[in-house]
Amino acid sequence: MDGVIKLIILVMLPVKRFTDFIEQNNLFGPDTQILAAVSGGMDSVLMAHLLKAAGFNFGIAHCNFQLRGDEALADQQFVTDLASQLQVPFHTVKFDTKQYAAEHKISIQMAARELRYQWFGQISRQSGYTVIALAHHQNDAIETILLNLTRGTGIAGLHGILPKNGSLVRPMLFLKRDEIEDLINANQLKYVEDSSNASAKYARNKIRLEVIPKLKELNPALENTFEHNLKYFRDLEILLEQQLDKLKTELFAFHGEEIHLPVNEVKKLHPQSLLLFGLLQEYGFNKTTVEDIISVLGKHSGRVFESADFTLVLDRENLILSKKQTRAGDTVNISENDHEVQYNNYRVNILHDDSPLIIKDNPLSVSIDTDLLVYPLTLRQWQQGDHFHPLGMKGVQKLSDFFIHQKIPVHQKKDIPLLINGNGEIIWIGGYRPDERYKVSKKTKKVTIFELYK
């Protein structure tokens with residue numbers, strides 16, 4: 001009798017639609033090792049049965065976030081039994097989600113999300129799974145779009161949930177919620193109910209329980225309408241990505257570790273805000289910052305804009321994009337016995353020579369009259385008010401003026417190491433110009449040579 005029941009279930013499950021969707025979206029192949037995330041709810045339970053019926057190689061992963069007491073333990077036991085019934089590998093874990101949320105100062109939902117995906121990645125690496133299957137369906141995609149629209153979004157937020165995003169795959173997106181319910185009931189598949197899903201406390205639940213039913217009163221075929229809209233939005237996103245790739249090829253000029261975008265060409269972009277945001281988004285710049293950049297184009301040369309990891313400088317002719325440098329500290333001291341020191345991204349070699357050797361035509365090396373040095377010396381970055389006596393010139397010059405004459409972009413000024421004497425005077429602008437007062441002369445008996453390596 002059991003064999004007959006199993007056969008009926010296999011016949012009634014939409015295995016062909018399932019495998020066709022997987023193939024059409026290139027989610028995974030017949031030999032792929034799949035980690036299926038199963039909460040015990042009807043969506044993930046049906047996904048597990050479909051994976052089994054289609055003959056895929058998979059294991060089941062279940063997270064207990066310890067937020068619902070005995071109910072969560074019952075869910076964990078249910079999924080344990082399901083994995084045993086399907087005869088597939090099983091992985092489970094318990095999280096102290098509330099403690100993690102408190103420590104990282106994030107919401108419970110965000111904490112659960114981070115813990116879940118971190119653990120999925122860990123299990124995948126340890127057990128050789130190459131994709132992680134999630135049981136999102138079409139209604140989840142609708143909820144995501146409405147949530148994104150409520151919070152504010154661009155085109156990327158309108159495509160809903162993608163079938164594939166890196167190692168994350170969603171093979172259930174071909175089904176609607178009511179189809180899943182019908183299949184679960186028709187096949188008499190057991191599942192568990194998460195009581196928190198019935199609460200409108202969370203934003204997504206509020207959209208599911210209160211907003212979507214009202215929208216369906218206006219349009220009973222809401223899911224079908226959104227399905228067509230999703231395809232349209234995805235096509236628009238692809239079109240925008242192709243245009244951005246073309247613009248990057250045309251506008252991005254690479255100069256060492258910098259990317260230059262011609263200001264005149266940026267001004268011609270249309271629609272300007274959308275395209276410039278698309279070009280800069282991957283570097284961490286948000287829409288507000290992009291609007292600020294546009295407002296000063298051609299007006300305020302020298303303005304600096306920052307994201308978490310990048311700096312963008314408005315120069316006279318270019319927007320100059322560069323990765324922020326990791327600085328070990330503001331200053332480094334050099335003692336009389338030092339032969340090598342590290343300063344941020346530089347190494348400085350110090351050589352002592354009894355002959356008055358002069359280094360010429362090498363801006364990364366300088367010869368200094370040893371008797372004029374007052375230890376400890378210091379390496380530091382430029383500060384407002386700094387001045388020096390440029391070699392070969394009479395009088396004093398502010399470093400800010402020197403940098404302008406050398407056409408050094410604003411964002412590079414703080415990367416230039418300054419060698420400072422113990423009396424506070426600048427000895428050398430590393431890589432550019434020494435001070436006239438410390439040059440080697442006929443009276444020099446001994447020199448100290450400083451060599452700069454990046």
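1. The buried residues of helix 9 pack against helix 7 (138–151), helix 8 (177–186) and helix 10 (222–251). Among the buried residues of helix 9 are N205, I207, R208 and I212. Buried means under 20% relative accessible area; exposed means over 50%, and partly exposed lies in between (1.4 Å probe, protein chains only). Helices (H or I, at least four residues) and strands (E, at least two) are DSSP runs, numbered from the N terminus.

2. This is a predicted model, where local features need pLDDT of at least 70 and side-chain atom pairs count only at pLDDT 80 or more, while totals for chains, interfaces and linings use all residues. Residues are numbered from 1 along each chain as its sequence is written, and side-chain values use heavy atoms, with hydrogens and water left out.

3. How far apart are the end C-alpha atoms of helix 9? They are 21 Å apart. That agrees with the 22 Å that its 16 residues (203–218) should span at 1.5 Å a residue. The expected span is 1.5 Å times one less than the number of residues. Helix 9 also has a kink of about 35° at V211, shortly before the proline P213. The bend at a residue is the angle between axes fitted to the seven residues ending there and the seven starting there.

4. H49 lies in helix 3 (residues 42–53). Is H49 buried or exposed? H49 counts as buried because its relative accessibility is 11%. Leaving aside neighbours within four places in sequence, H49 is in contact (heavy atoms within 4.5 Å) with L13, L82, Q85, L86 and L189.

5. The whole structure has 14 aromatic pairs. Rings of Phe, Tyr and Trp (its six-membered ring) pair if their centres lie within 6.5 Å; planes under 30 degrees apart count as stacked, over 60 as edge-to-face and the rest as tilted. Y232 and F233 form a tilted pair, 6.0 Å centre to centre with 50° between the planes. Y283 and F310 form an edge-to-face pair, at 5.0 Å and 75°. This pair links distant parts of the chain, 27 residues apart: Y283 is in the loop between helix 12 (272–280) and helix 13 (287–296), and F310 is in strand 10 (residues 310–314). Both Y283 and F310 are buried.

6. Confidence needs a check. The chain averages a pLDDT (the predictor's confidence in each residue, from 0 to 100) of 88. A score of at least 70 is reached by 93% of the residues. Over residues 1–11, pLDDT stays under 50.
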